[in-house]
Amino acid sequence: MKLHTRRIASLASVTLIAGLGLAACGDDSGSGSDSGGSGDSASITMLPKNLGNPYFDASTTGAETAAGEFGGELEEVGPETATPDSQVSFINTAAQQGVDSLIVSANDPTAICDALNEARDAGVKVVTFDSDTDTECRDIFVNQADAAGIAKAQVDLIAEQIGDKGKIAILSAAANATNQNAWIKLMEEDLAANHPNIELVDTVYGDDDDQKSFDQTSALLSRNPDLAGIVSPTTVGIAAAARYLSSSEYKGKVALTGLGTPDQMRAYIKDGTVTEFALWNPTDLGYLSAYVANALASEEITGEEGDTFEAGDLGEYTVGADGEVLLGEPFVFNAENIDDFSF
Ligand code: RAM
C-alpha cells in the first residue's frame with residue numbers, strides 16, 4: 001500500500017491554523033519509485049531522543065518505508081532515557097560502523113556536537129530531525145513545522161479553551177530539549193504580547209518519561225489547584241497528563257492541550273478530558289528525513305540553501321536557510337477528525 005500523502009482540509013476552530021493541511025498517515029511500505037540516490041544504497045542509522053515513544057516509532061516507520069523505496073538499509077538505535085549525552089555512544093558506534101548517514105533528534109543542542117562532528121569527519125552525513133543541534137554540528141535539519149507556528153497553535157488552543165484568562169502551566173519534555181525550549185520561549189512571548197489575562201505560573205519537565213510526566217501533572221495540580229489549563233508540547237507529556245486528568249476531580253475543569261499523537265489521545269478526546277490538540281505527521285517526518293539522508297549520502301545535495309531533491313511520495317523539497325528542510329504545517333485534532341488518523 002502506498003504512503004498516503006493526500007492533503008486534507010483542516011478544521012477552522014483555531015483560526016490561525018485554519019486551512020493548513022497534513023499528510024494523512026500511512027504505515028505500510030510505499031511503492032514510490034523516485035529515489036534521492038544516484039547509485040549505491042545508503043546505510044542509515046536512526047537515533048531518536050529515546051526508545052519506547054510512539055511518536056518516534058512512527059517516524060522510524062516512515063524512514064523504513066522511505067529506505068524500502070530507495071533501496072537503503074536503515075537501523076534504529078537509541079537510549080532508554082532522553083538525557084543530554086545519552087546519545088553519544090550511539091553516534092560513536094555509527095561512526096565506527098562507517099554508516100553513510102545518521103538521522104538524530106537531539107536531546108540537547110550542544111552535548112552531542114563533538115560526537116557528531118567526529119562522525120562527520122569520518123564521512124558520515126548528519127541529519128537532525130524533530131529536535132535540532134547547533135547548526136555547525138549537522139548537515140541538514142528536517143523541521144516538522146515552523147517553530148512560531150507550533151507555538152502560536154498551542155497558545156491559541158489554550159486561550160480558546162480557557163476563555164483567554166486564568167492560570168496555566170507547561171508540562172514539557174527534557175529540560176534541555178532544543179525543540180520544546182524553542183517553542184516554550186515563543187509561547188511565552190506570544191502570551192506576554194497577546195494574552196494579558198493568562199498567567200503562566202509554572203513550567204515542569206517530565207523528561208518524555210510517562211510516569212514522571214504523570215507525577216509532574218499530579219504535583220502541578222497540588223501546587224496550583226486553581227489552574228485553568230495545562231499546555232504540554234510533548235506527545236509523551238500530553239498523554240500522561242490526560243491519563244491523570246481523566247480519572248481525577250479536574251477532568252473537564254482543567255483544560256489540557258499541546259502536541260499529541262491521535263492514537264495516544266483518542267480515548268481522552270472521546271471521554272471529554274481533551275477537546276483539541278495539535279501535531280504534524282511523524283511518519284512523514286521520518287520518511288522525509290530518510291530521503292534527505294539518502295540525498296546527502298549520494299551527494300545529490302550538500303545541504304546548501306537552494307539544493308532541491310525528491311522525497312518519494314511527498315514530492316520535491318528545497319533546502320532553506322541554515323540547512324533547514326521544512327515538512328509542513330501543524331494540524332489540529334478534535335472529536336470530529338481524530339478517527340481519520342492512525343499514528
Ligand atoms: C515528543 C518528543 C518530540 C516532540 C514531540 C511533539 O514525542 O519530545 O521531540 O517533537 O513530543
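Me: Strand S1 (residues 43–47): how many of the five residues are buried?
Reply: Five of the five, so S1 is largely enclosed by the rest of the structure. Buried means under 20% relative accessible area, exposed over 50% and partly exposed in between, with a 1.4 Å probe and protein chains only. This is a predicted model, in which local features need pLDDT of at least 70, side-chain atom pairs count only at pLDDT 80 or more, and totals for chains, interfaces and linings use all residues. Residues are numbered from 1 along each chain as its sequence is written, and side-chain values use heavy atoms, with hydrogens and water left out.

Me: Which residues of S1 sit on which side?
Reply: Ser43, Thr45 and Leu47 are on one side, Ile44 and Met46 on the other, and both faces are covered. In a regular strand the side chains alternate between the two faces of the sheet.

Me: How does S1 pair with S2?
Reply: In the parallel sense, over four bridges. Ser43 stands opposite Glu73 in S2. Two strands pair if DSSP finds at least two bridges between them. Strands (E, at least two residues) and helices (H or I, at least four) are DSSP runs, numbered from the N terminus.

Me: What is the strand order in the sheet?
Reply: S2-S1-S3-S4-S5-S13, an open sheet of six strands with parallel pairing. S2 (73–76) and S13 (324–328) are the edge strands, each pairing on one side only. Neighbouring strands are turned by 20° against each other on average, direction ignored.

Me: And what joins S3 to S4?
Reply: Four bridges, between S3 (residues 101–104) and S4 (residues 125–129), which run parallel. Ser101 stands opposite Lys125 in S4.

Me: Helices now. At what angle do H4 and H5 cross?
Reply: Roughly 55°, with the axes of H4 (residues 147–161) and H5 (residues 178–194) coming within 8 Å. That makes H4 oblique to H5. Angles under 35 degrees count as roughly parallel, over 145 as roughly antiparallel, 65 to 115 as roughly perpendicular and the rest as oblique. The axes are lines fitted to C-alpha atoms over the stretch in contact, and angles run from 0 to 180 degrees between N-to-C directions.

Me: Which residues of H4 and H5 meet?
Reply: Ala147, Ala148, Ile150, Ala151, Lys152, Gln154 and Val155 in H4 meet Trp183, Leu186, Met187, Asp190 and Leu191 in H5. Contact means heavy atoms within 4.5 Å.

Me: Last one: how much of the whole protein is buried?
Reply: Buried residues make up 58% of the 343 residues. The protein has nine helices and 14 strands.
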